[in-house]
Amino acid sequence: MQNPIIIIGAGLAGWSTARELRKLDKTTPVLLITADSGDFYAKPSLSNAFAQKRGPAQLVTTPAASMAASQNITLHAHTRVTAIDTVRQTVHTSAGEFAYAKLVLATGAQPIRIPMSGDAASAVLSVNALQDFSEFHARLMRVNSAAADGGIDLKKRIVIMGAGLIGCEFANDLMGSDFEVTVVDPSASPIAALLPPGLSDELREALANHGVVWHFGTTVQRVDHQTEAGGALKVHLANGEVLVADVVLSAIGLRADLSLAQAAGLVCERGIVVDAHLQTSAANVYALGDGAQYANGRTLPYVMPIIHAGKALAATLAGQPTPVQFPLMPVAIKTPALPLVVAPAAPGTAGQWAQSEPGVWLFTDTDHAVKGFALSGPQTTRRAELAKQVV
């Protein structure tokens, strides 16, 4: 019997690889193993679901069973991979041992959790997957229900740890859905690592005008239950301030999930190191998505890199070795208070940001060549035009 191609992970990276492979190869057996249900959904929709009044069930676009049937693959949902043997080419799981011809690691990333004290530290939530969002959504709905039962008509208080891209998207989504939103971050402005300083300040003002309260230059150190306030939480900041919240959401970033890869002896740095063909340091083992570190030394935690990597890897798995090539991939940031599109320069590029006209920022290197751009408001429709200027 022919050993299958095994894919570990049922996020966008795993399912995209499977779908692209089936366009090229209809018969090679494929086994997809995932610790969750495997239902297909758009992960970016997690941070704007409240504004669209969509609950967890409405975010699923295709149930796992339907995906597996349409792609002619075998699905092992709710199955944990415990070890990988790259010599014997086997995967050990809670459902038994499986041999593979080729193995794809689409294991993604996990939320970064900073150490904090307090008897409610474990109540701090992170949202990185549909299951996380289900818990977050249920918590907020319980808060709303408790307030209604008590005859209280106050906005529910959310403290978000992190003013990066995801934190700002959640802030915009929640403040437009009858929640009182406070954001805490050690930096001086939102999405500071990605946006030009002036544009970052514009976003800060735009969200503040819609009710978001910022606490920059500090961090959350302790979270305690406040029993006298109907189950509310006391959030202690490093600068001595104390906030009161109904829910605390941690959105301070992601870190590649390297546990399986490292235990299997694969070379890992910030991600699982892969070459141009997405092969790891072990023969017949590949990786892509949020858990991979590509040949240019970068991790690319966005949708478009996954789509490009999935297509290239599928061709390689089908016997047509294809190096992945990443074009310029502008990122649309879901902050309707100030719509943004940014195409940052490659890390380490020497240069500076400058505003060329209202809503348009260009990053130029020391030779005055355009290496990146950022657009805001109505100018976001010009992404294709600006992309042509980048060299």
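Reader: Which residue in S17 is the bridge partner of His236?

Author: This is a predicted model, where local features need pLDDT of at least 70, side-chain atom pairs count only at pLDDT 80 or more, and totals for chains, interfaces and linings use all residues. Residues are numbered from 1 along each chain as its sequence is written, and side-chain values use heavy atoms, with hydrogens and water left out. S16 and strand S17 (residues 242–245) pair in the antiparallel sense over 4 bridges; strands are DSSP E runs of at least two residues, helices H or I runs of at least four, numbered from the N terminus, and pairing takes at least two DSSP bridges. In S17, the partner of His236 is Val242.

Reader: Which residue takes a positive phi in the hairpin of S16 and S17?

Author: The hairpin has 4 residues between the strands.

Reader: What stands opposite His225 in S16?

Author: Strand S15 (residues 220–226) and strand S16 (residues 232–237) run antiparallel, joined by 6 bridges. Opposite His225 stands Leu233.

Reader: Which strands stand at the edges of the open sheet of 5 strands?

Author: The order is S23-S24-S27-S26-S25, with antiparallel pairing. Each edge strand has a single partner, so one side of each is left without a neighbour in the sheet. The edges are S23 and strand S25 (351–357).

Reader: Which residue is the bridge partner of Val342 in S27?

Author: Strand S24 (residues 340–343) pairs with strand S27 (residues 370–376) in the antiparallel sense, over 4 bridges. For Val342, the partner is Ala374.

Reader: How many residues apart in sequence are the parts tied together by Tyr294 and Phe326?

Author: The search finds 7 aromatic pairs in the whole structure; ring centres of Phe, Tyr or Trp (its six-membered ring) must lie within 6.5 Å, and planes under 30 degrees apart are stacked, over 60 edge-to-face, the rest tilted. Tyr294 and Phe326 are edge-to-face, 4.9 Å centre to centre, with 70 degrees between the planes. Tyr294 lies in the loop between strand S22 (292–293) and H8, and Phe326 in the loop between H8 and strand S23 (331–333), so the parts tied together are apart by 32 residues.

Reader: Is Tyr294 buried or exposed?

Author: Buried means under 20% relative accessible area, exposed over 50%, partly exposed in between (1.4 Å probe, protein chains only). Phe326, at 24%, is partly exposed. Tyr294 has 3% relative accessibility, so Tyr294 is buried.
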